[in-house]
Amino acid sequence: MAIRFKLSLFLVLVFFSGGVFSQSLLYSSEFDLKRKGGGELYGSWVSVNQANYIVSTREELQNALAQASAGQIVYVSDNAEIDLTGYWDLDIPSGVTLASGRGQDGASGGLLFTDEMSKRGFFNLGDRSDIRITGLRFKGPFAGIETDDCGNRDADGIRVTSSSSVEIDNKEFFAWPFSGIKINSSRAIDIHHNHIHHNRRSERTKSPPLK
C-alpha cells in the first residue's frame with residue numbers, strides 16, 4: 001500500500017490490504033507509484049549517524065526505548081532481525097524517533113517480527129505525541145487467507161490511541177491478521193510512503209486477496 005493521509009479529526013482508521021493500493025489518480029508515472037511506497041526511491045531517511053541509540057537485539061531495543069527521551073533517536077541496525085515473539089504493546093516515549101534505513105544504500109531496513117497470534121498490538125501508542133516511526137519492517141504472525149488458525153486473534157502492527165503528531169513513513173507492514181496500522185481517537189497523524197501488504201485474513205480484510 002502506498003498512501004499518504006493526514007488526520008486531524010477524531011476517528012477510527014484501520015489500514016488493511018490484501019493487495020497493494022496506490023493513489024493512481026494522483027501519481028501518473030510508474031516512478032511516482034514506486035516512490036510513494038518508500039524504499040530506495042524515498043530519500044527522507046534518518047541516518048544512523050544521527051542516532052542516540054543503535055540496537056540489533058530485543059534487549060537493546062527494549063532498553064533503548066525505556067531510556068530514550070524527547071528529541072532522541074533509537075536506530076535499529078539495517079541488517080537486524082529482532083524476534084519479539086511473546087512481547088506485545090511495545091511503547092515509544094513522546095518525542096522519540098524509532099528508525100531504520102529501509103531503502104537507503106540498498107538496505108532492507110531492520111525487521112521486527114512476531115510469530116505469536118494475539119488480539120493485541122505489536123506497538124501500542126496511547127496518549128503519546130511527536131513520535132516518528134520510519135524505515136523499519138514489521139512482520140506479523142499470519143499472512144494467509146485461511147481463518148482456522150486465527151480464531152478471533154486479531155493482531156495489529158501499530159495501534160495509535162488518543163495521541164497526536166505521530167508520523168509513520170517508509171515502512172513495510174505485512175502478515176498482520178487485522179491491520180498494519182490502526183488509529184483511534186487521534187489527531188495530526190501523518191502516514192505516508194509505506195508498503196502495506198498481505199494483511200489479508202479473509203473474514204477481516206475488505207480488499208481482495210492476492211493470488
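Are Phe 122 and Phe 123 buried or exposed? Both Phe 122 and Phe 123 are buried, where buried means under 20% relative accessible area, exposed means over 50%, and partly exposed lies in between, with a 1.4 Å probe and protein chains only.

Before you select anything else, please note that this is a predicted model, in which local features need pLDDT of at least 70 and side-chain atom pairs count only at pLDDT 80 or more, while totals for chains, interfaces and linings use all residues. Residues are numbered from 1 along each chain as its sequence is written, and side-chain values use heavy atoms, with hydrogens and water left out.

**Stop 1: the aromatic rings**

Keep Phe 122 and Phe 123 selected and look at their rings, which form an edge-to-face aromatic pair with 5.7 Å from centre to centre and 80 degrees between the planes. Rings of Phe, Tyr and Trp (its six-membered ring) pair if their centres lie within 6.5 Å, and planes under 30 degrees apart count as stacked, those over 60 as edge-to-face and the rest as tilted.

Next, select Phe 138 and Phe 173, whose ring centres are 5.7 Å apart with planes at 80 degrees, so this pair is edge-to-face. Phe 138 belongs to strand S10 (residues 137–139) and Phe 173 to strand S13 (residues 172–174), so the pair ties together parts that are 35 residues apart in sequence. Helices (H or I, at least four residues) and strands (E, at least two) are DSSP runs, numbered from the N terminus. Phe 138 counts as buried at 0% relative accessibility, and Phe 173 is buried with a relative accessible area of 0%.

The whole structure holds six aromatic pairs.

**Stop 2: a lysine over two rings**

Select Lys 171, whose charged end sits over the ring of Phe 138 at 3.3 Å from its centre. Lys 171 also lies over the face of Phe 173, at 4.6 Å from the ring centre. A charge sits over a ring if NZ of Lys or CZ of Arg is within 6 Å of the ring centre and within 35 degrees of the ring normal.

**Stop 3: the salt bridges**

Side chains of opposite charge can pair when their charged atoms come close. A salt bridge is a side-chain nitrogen of Lys or Arg within 4 Å of a carboxyl oxygen of Asp or Glu, and a search of the whole structure finds six of them.

Select Arg 132, Glu 167 and Asp 169, which are linked in a network of salt bridges. Between Glu 167 and Arg 132 the closest N and O atoms are 3.9 Å apart; Glu 167 lies in strand S12 (residues 164–169) and Arg 132 in strand S9 (residues 129–134), so this pair ties together parts that are 35 residues apart in sequence. Between Arg 132 and Asp 169 the closest N and O atoms are 2.7 Å apart. Asp 169 is buried at 0% and Arg 132 counts as buried at 18%, whereas Glu 167 is partly exposed at 24%.

**Stop 4: two backbone angles**

Finally, select Asn 170, found in the loop between S12 and S13, where phi is near 50 degrees, a positive value in a residue other than glycine. Ala 188 is found in strand S15 (residues 187–192), and its phi is near 55 degrees.
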